[in-house]
Structures are given as C-alpha cells and as structure tokens.
Number of protein chains: 2
Amino acid sequence: MHPVSPDTLVRALHWRYATQWFDPARKIPEETWLALEQALVLSPSSIGLQPWKFIVITDAALKTRLLPASFDQAKTVDCSHFVVFTVRKNLGHDHVDRHIARMAEVRGVTPESLGKFRRMATGNLDKARSEERLDTWQTHQVYIALGQFMASAAVIGVDTCPMEGIDPEKFDGILDLKETGYATVVACAAGYRRTDDKYADTKKVRFKPEDVIVRR
Amino acid sequence: MHPVSPDTLVRALHWRYATQWFDPARKIPEETWLALEQALVLSPSSIGLQPWKFIVITDAALKTRLLPASFDQAKTVDCSHFVVFTVRKNLGHDHVDRHIARMAEVRGVTPESLGKFRRMATGNLDKARSEERLDTWQTHQVYIALGQFMASAAVIGVDTCPMEGIDPEKFDGILDLKETGYATVVACAAGYRRTDDKYADTKKVRFKPEDVIVRR
C-alpha cells in the first residue's frame, strides 16, 4: 500500500462539491469507473453483510425515464454514470447464508465451520426485526457506501452529486425493483463538471472546525 | 487538484479492513490527524446543513470510561483517536440560521440575501418534522460522514474500525451530551493495526461485483 499524502487528500476533498451541471459529452473512462465500482463493492457494512445493490445507469433512455422521478434535475441525464443505491429490505437469514457461502468460498473453509458467525448475524438481524429497526439499520449501511463512493470519486478526480431529492417509489417502479426485495434509498450522479458550472467556483461553506470538532 | 490513480485508490480500499487490534503505542501524527479532521468537516450533507458534531477522544481516562459502554471492545482504548459521531436531534431553524450566518461570512454576502435558501431549508426541515422522519434523515448524513472518514483514512494509510456495537445512551451520559441536543449515533476507532492482528491477513469477503452491481 502506498498511502497518499494528507495534503493530497485534503485538496481532493476541497475540490469536490455537489456538482450541479455535468458535461454530458464527458464519460468516465472504463478503467476509472471500475475503480469506483470497487469502492462500492468494498464499502464497509455492519457485520460485513453488504445489504445492497447498486444500479449503475448509463443508458440515455433509462435516465430520461428517471428524470421526472428526480424532479427534473438535469444531472440525472447529463452525468456519465447515474448510481441508484438500494437497500435489501427485511434482511433475512437467506442473505446471511449467501454471505456465508461467499465467506466459505473466499477463505477456503466450509459453511458449517462458520456456525458461530451465523448465529451471531441472524441473532442480530432477528433482534433488530423484532424492535422494528432492521430496515433503518441496513439503510445506514447504504449511506456509508455513499460516503465512501463520493470520497473515492473525489480522490481520483471524478465529480459527484448526492441526490436525496428523488421519488424512491417511482424509482422502484421504473427500475423493476418492486418484487426483488430491494428498494431505492438515494442516488448519486457521477461524471465531470461543466466548465461553466458556477457552483464549482462558489466558495465551499462549512462550519469552522472548532464548531463541529470537539477534542476530548 | 492532482487526482490519485484509480489503482492507488483500489489498493488503499483493499488494504483497509475493520481493524480489531490497534497498536496502543502508535499515535496518528498531528498533521495526518488534521487531514482526517478536514475529511469530517468537509463531508457532504443534505442542503449542506452539517447536522453533526464529532467528538474526538484521545484522553486515556475518558476512553476507559467509554469502555464498558462499548461492550469492552479493546479498540476503544487501544486506538489513537476514538471518534464519536453525533447528530443534532430535532434540527431547527436556529441551526439553519447558524449555517446562513456562516454562508454569509464565507461568501461575503448578507444573511438577508439568502432568504430563498432559508425558506427552502426550513421548509424541508418542517416537512420532515411533521412526517416524523427528521432525525432519521439527519442521521443518514452522519453515516455519509462516517463513509467519507473511513475511505479518507484508508487513502492516507490510517486504520479504522466502525463501531455500531456501543450503547449510545451511555455514551451521551459519559460525554455530557444530554442537554446539548446532540446524540451519539455511531463511533469509529482510528489508528494503526497491531502487526499481530490476524484479521489483517484474513481474506476480505465481498460479494462478487456482478452480485451487487447492476449495469443498466
């Protein structure tokens, strides 16, 4: 691992902003996109359960169908890759078993040897389900992935804009998610800023460090 | 901005893992920490409202007090910087006004000129409050910050472990948050892995890209 300098990181995070106007002519090169796909795949999640699917839309016709469900925000169609973050609702034992099968495959062990992990994971899910906080908990994981995705994009020079201003139910309909158990949480446009996006030069506003960081 | 190569990013994200055993002797140098503090400060949030405070704990005595509220996980005390992510509950117009005052200061305009933004922001908060999803919505933003923090740490070679397995109410008590309007959401230990942490060499398990990425 060759770590990047702290200064390089901070410059990248300053460079990023919620891009309002994407250049429709500029597409993310495949090699660059594959790195961002890895940022999604490798995102941390509680108990490692990865309760998600990421729908990556580059098809112009499909983007256009999503436009009214995005309150007509042009970035939906103008961006290069439009990513819809979905959560697995009512996460069940079948999902844990899928994860365990994958653990066994990657680590070269038997699924049976992971019984203790299985009991812990299913027990936690069952407890959250009975307390009616299962979907809330898993949705939090999706936002971790969104955070990792946007920071990763900034570091490699790709612009993003997180989009909570969408109609998740309409998205679910257009993307045929209704019968799948997955549901739209949030979207994120990715691509490259237009050179005339005035927001790119608008000064970033953040509270002063001393107003949000408490050192103890 | 000098973007990092996609390959460097992916290596960093592969290198990271949920560190179980931190080397208590290794502290994050101040310059490196300041970059991670910037990752927190610069984190994106809905409408830019930054509904959070980050409590950064390096004091050994305070860490020890948090240990039982963290179910005795050693990383609470062994890590270099223990970060508690808190959300501003029942986010109100006063917070919007604080943000507007800061916008005015940074951009050199009057608060009055931001009236349209103020109406949009307070309107959105009021709507979410009436629909009883205000705290949920703001908590999502805190998880974006957590994702940005962990990805940023990985890129500059700092280990982290997200910790949802804590008792938020006990944290609020120990950290004197009860009267502040802020409440503990999640924690994250940051520092450097012990060379004998066997989890560092355990193969990372993620679903195959084709099982979580849907290209449309």
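In the predicted model, strand β3(A) pairs with β4 (residues 182-191) of chain A in the antiparallel sense, over 5 bridges. Within this pairing, A:P162 has A:C188 of β4(A) as its bridge partner. Helix α2 (residues 30-41) of chain A packs on the sheet, where it touches β1, β2 (81-88) and β4 of chain A as well as β5 of chain B. The direction of this helix makes about 140 degrees with that of β5(B).

The sheet is open and consists of 5 strands in the order β3(A)-β4(A)-β2(A)-β1(A)-β5(B), with mixed pairing. The edges are formed by β3 (159-163) of chain A and β5 of chain B; each has a single partner strand, so one side of each is left without a neighbour in the sheet. From one strand to the next, the twist averages 25 degrees.

The link between the chains within this sheet is made by β1 (residues 52-57) of chain A and β5(B), which run parallel and are joined by 3 bridges. One residue of β5(B), B:R215, is the bridge partner of A:V56.

Contacts between the chains involve 65 residues of chain B and 65 residues of chain A. On the side of chain B that touches chain A, the elements giving two or more residues are α1 (6-15), α2 (30-41), β1 (52-57), α5 (93-107), α7 (134-155), α9 (209-212) and β5 (213-215) of chain B. The largest share, 12 residues, comes from α7(B). By class, this side of chain B has 39 nonpolar, 14 polar and 12 charged residues.

Methods
Residues numbered from 1 in each chain as written. Chains lettered and ligands numbered in written order. Predicted model: local features only at pLDDT ≥ 70, side-chain atom pairs only at ≥ 80, totals over all residues. Contact = placed C-beta atoms within 7 Å. Helix = DSSP H or I, 4+ residues; strand = E, 2+ residues; numbered from the N terminus. Nonpolar A, V, L, I, M, F, W, Y, C, P; charged D, E, K, R; others polar. Pairing = 2+ DSSP bridges. Axes fitted to C-alpha atoms, helices over the stretch in contact; angles between N-to-C directions.
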